[in-house]
Amino acid sequence: MNDNIIAPENLVYQKSALVKDNVMHYCPGCNHGTVHRMIAEVIEEMGMQDNTLCACPVGCAVFLYKYIDVDTVECAHGRAPAIATAMKRLHPDKLVFTYQGDGDLSAIGAGETLHACNRGENIAIIFINNAIYGMTGGQMSPSTLEGMKTSTCPYGRDLKLNGYPMKIANVLAELEGTCYITRQSVHTAAAVRKTKKAIRKAFENSMAGKGTSIVEIVAACNAGWKMSPHEAHLWMEENMFPFYQLGDIKDR
Amino acid sequence: MAKVKGAVEVDVNRCKGCELCVFACPSKVLALSQSVNDKGYAYAYMKQPELCIGCASCAYMCPDGCIKVYKIKQ
């Protein structure tokens, strides 16, 4: 019976043609892969494959150029918004986006991000917030939650010693240059679809010249959190979402 | 009423056995295999293929894009 169903004319969903056949180096269950797929689908649907420029971060997504078949520039740690500024100013007709993690965007690249947003550069920023530095072994990042255990705060984040977790998307919403800021997640199929819509809107804003769009994606780093992928999603729903509330923060 | 039937095809050697598709499936079709692929991961397969409705939830959740979804109306 299954042989009748499995035929090219009955195909309803498969990975985008822009996702290369290379097997991703991410840990099993990593949300980066899901977000890569959604970005590729949006670019494919917009027909922008030949007109897209991506600024890659430093972090686990450093090899993004191996997985999405668009032109990419590998930026120094945190400097993706600065590179994207140059790319968009030199090529205003191209779709320019950056892909950054929380360590890249809100720690070392906070200055570049703030000023790119303040200048209202017409770029889209995809911001993966998983509350730790995933690539280097799960160290504390600015968005680590209070009491959350990481390799550099093994007894949990202490507010007196380490400061408060930063909601950088809300900070950026205060700036005049930003036009669309939303916080989404990828823990269920419905959330993945919503994230895809948000990415599409951010890319369209970038092409329409409305200002900087930021799509924050609250994601799980199951390897860094020392959990199974499914447990990490449940933990994220229970602990991350009350603090990082999902939904649009700014839309104009 | 037209009955919807689905089927999924998993790219076995791309699958890392993260099990997200297994938890995402509303009809409990998928499960992880007892055998392993080239990299040593247990991979997802259709344990109860007759229950699949072709909703593509598994494929949307799959971080590695290993799942193809097919659907027919009978």
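In what sense do strand 1 (residues 11-13) of chain A and strand 4 of chain B pair, and over how many bridges?

Guide: In this predicted model, strand 1 of chain A and strand 4 of chain B pair in the antiparallel sense, over 2 bridges. Within that pairing, Leu11(A) stands opposite Tyr70(B), a residue of strand 4 of chain B.

The pairing belongs to a contact that takes 36 residues from chain A and 30 residues from chain B. Together the two chains bury about 2,800 Å², and 66% of that area lies on carbon and sulfur atoms.

As for polar terms, the count of salt bridges between chain B and chain A is 0, whereas 10 residue pairs across the interface are in polar contact, both residues being at pLDDT 80 or more. On the side of chain B that touches chain A, at least two residues each come from strand 1 (4-10), helix 1 (20-24), helix 2 (57-61) and strand 4 (67-73) of chain B. Strand 4 of chain B gives the most to that side, with 6 residues. By class, the side of chain B that touches chain A holds 18 nonpolar, 8 charged and 4 polar residues.

Chain A also contains an open sheet of 7 strands, with mixed pairing and the order 3-2-4-5-9-8-10. The edge strands of this sheet are strand 3 (71-74) and strand 10 (247-251) of chain A.

Terms used: Residues numbered from 1 in each chain as written. Chains lettered and ligands numbered in written order. Predicted model: local features only at pLDDT ≥ 70, side-chain atom pairs only at ≥ 80, totals over all residues. Heavy atoms only, no water. Pairing = 2+ DSSP bridges. Helix = DSSP H or I, 4+ residues; strand = E, 2+ residues; numbered from the N terminus. Contact = heavy atoms within 4.5 Å. Buried area = accessible area lost by both parts, 1.4 Å probe. Salt bridge = Lys/Arg side-chain N within 4 Å of Asp/Glu carboxyl O. Polar contact = N/O pair within 3.5 Å; in protein donor to acceptor, adjacent residues only side chain to side chain. Nonpolar A, V, L, I, M, F, W, Y, C, P; charged D, E, K, R; others polar.
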